[in-house]
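Q: Could you take me through one part of this model up close, starting with the paired rings and how they sit in the fold? I'd like the cut-offs spelled out as you go.

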Amino acid sequence: MPLGKNNTMNQTNLLKNTFSGKTIFITGHTGFQGSWLTLWLEMLGAKIIGFSKPPLTNPSLFNILNLEKSIKHIVGDVNDYRHISKSIQKANPDFVIHLAAQALVRKSYEVPLDTFTTNIIGTANVLHSLRALKNNVSCVIMTSDKCYENLDGAKPHKESDPMGGDDPYSASKGAAELVTSSFKKSFFNNQHDHRISSVRAGNVIGGGDWSDDRLIPDLVDSIINNKKIVIRNPDHVRPWQFVLESLSGLLWILHKMSTNNKKYNQSWNLGPDKKNIITVEQIVKKFSKEWKSINLKNNTQQKSKFSESNSLRLDSTKAKKLLNWKNVYDIDQTIFETINWYRSFHEKPSMIKELSIQQIETYMINANKKKFLWAQ
């Protein structure tokens, strides 16, 4: 794997020691976060087997990075138990990362049954497939910050808060957490069983996301194509964070789990610092300040016709204390990196993989400067 100018990945570090030469089975590897994670693990020297539906967007980050040529790419649906189970057994992985999901709130109103099936039964299929493996694996299930019963939007959610969710997406993610907990307590509760954890991340942004009904892709589309944009729910508060933040936490959790210390086999909030928990309107203004092509006067604001939580906040104290995990970038750096990626893609698309690698390397350098253990 060619690396960028900083060549950070040649240095010995804990993540490289953990994943180099290991087999990692990823569901949903063709998605936005899955593509970034696949690229990062590829840089760390891992052997990657991906199981996913084809990319849902065009363009897609997975295709742009040409990842299919450097990994074992399996086209499949996590709702197909026989296929996912056989694929996991054949891979015989060291690590399993479950990202595959119907990940859009507004779409969950249009396809509620597909949302419930994919996010709940799909998760159960992955976990049940692990039971046939003879070697012990470390597995992380990624759900969402929306898995909680959000009764008080001003109060940050702790991992001990009850699961809930009014819309189909949120309810399905809360249910996926319950399914994960049930499998862990019912089948993986002994010292020598598989190690299972779940991750609840914030509103992840970064280059390469073209999903429908997402703020950043809509903003980029309005700039590139000189289109008017409708800002939905401008007063809603969300925990915004750079895409590599939640992924660094996920990889660090897998490292900790691989030491066979059971205290890491639990649920984890991987949210941003308080300064990154701001409104949709504030994000738009910061984006327009950095990329001046946005004309806010030509945009309109409206309330969504679908019910969504006014405020979502995560308390990541547990991850900070037990994992020594923290965010590397503040909101301004997050927006800068995001805009830099999209602008570069439209100006020099042939160089975008090199830029993506450099963004990962730069992120690790900044984490190292802050003396974060996972980057040492």
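A: Let's start with two rings, Tyr-363 and Trp-374, which are both buried (under 20% relative accessible area with a 1.4 Å probe and protein chains only; over 50% is exposed, and in between is partly exposed). Before going on: this is a predicted model, where local features need pLDDT of at least 70 and side-chain atom pairs count only at pLDDT 80 or more, while totals for chains, interfaces and linings use all residues. Residues are numbered from 1 along each chain as its sequence is written, and side-chain values use heavy atoms, with hydrogens and water left out.

For ring pairs, the centres of Phe, Tyr or Trp rings (the six-membered one for Trp) must lie within 6.5 Å; planes under 30 degrees apart are stacked, over 60 edge-to-face, and the rest tilted. That rule gives 15 aromatic pairs. One of them is Tyr-363 with Trp-374, a stacked pair at 5.7 Å centre to centre with 25 degrees between the planes. The pair links distant parts of the chain, 11 residues apart: Tyr-363 is in helix α13 (residues 352–369) and Trp-374 in the segment after α13. Helices here are DSSP runs (H or I, at least four residues), as are strands (E, at least two), numbered from the N terminus. Both rings also belong to one aromatic cluster, together with Trp-40, Phe-242 and Tyr-329.

The charged end of Arg-131 sits over the ring of Phe-187, 3.8 Å from its centre, and that of Lys-318 over the ring of Trp-268, at 4.8 Å. To count, NZ of Lys or CZ of Arg must be within 6 Å of the ring centre and within 35 degrees of the ring normal.

Now for helix α8 (residues 215–224), which is mostly covered, with 7 of its 10 residues buried. Those buried residues are Leu-215, Ile-216, Pro-217, Leu-219, Val-220, Ser-222 and Ile-223. They pack against β7 (203–205), β8 (230–232), β9 (237–242), α10 (280–290) and α12 (331–347), with contact meaning heavy atoms within 4.5 Å. After α8 comes Asn-226, whose phi is positive, near 50 degrees.

One more spot to check is Ser-129, in helix α6 (residues 112–130). Ser-129 counts as buried because its relative accessibility is 0%. Leaving out residues up to four places away in sequence, Ser-129 touches Tyr-81, Ile-84, Ser-85 and Ile-88.
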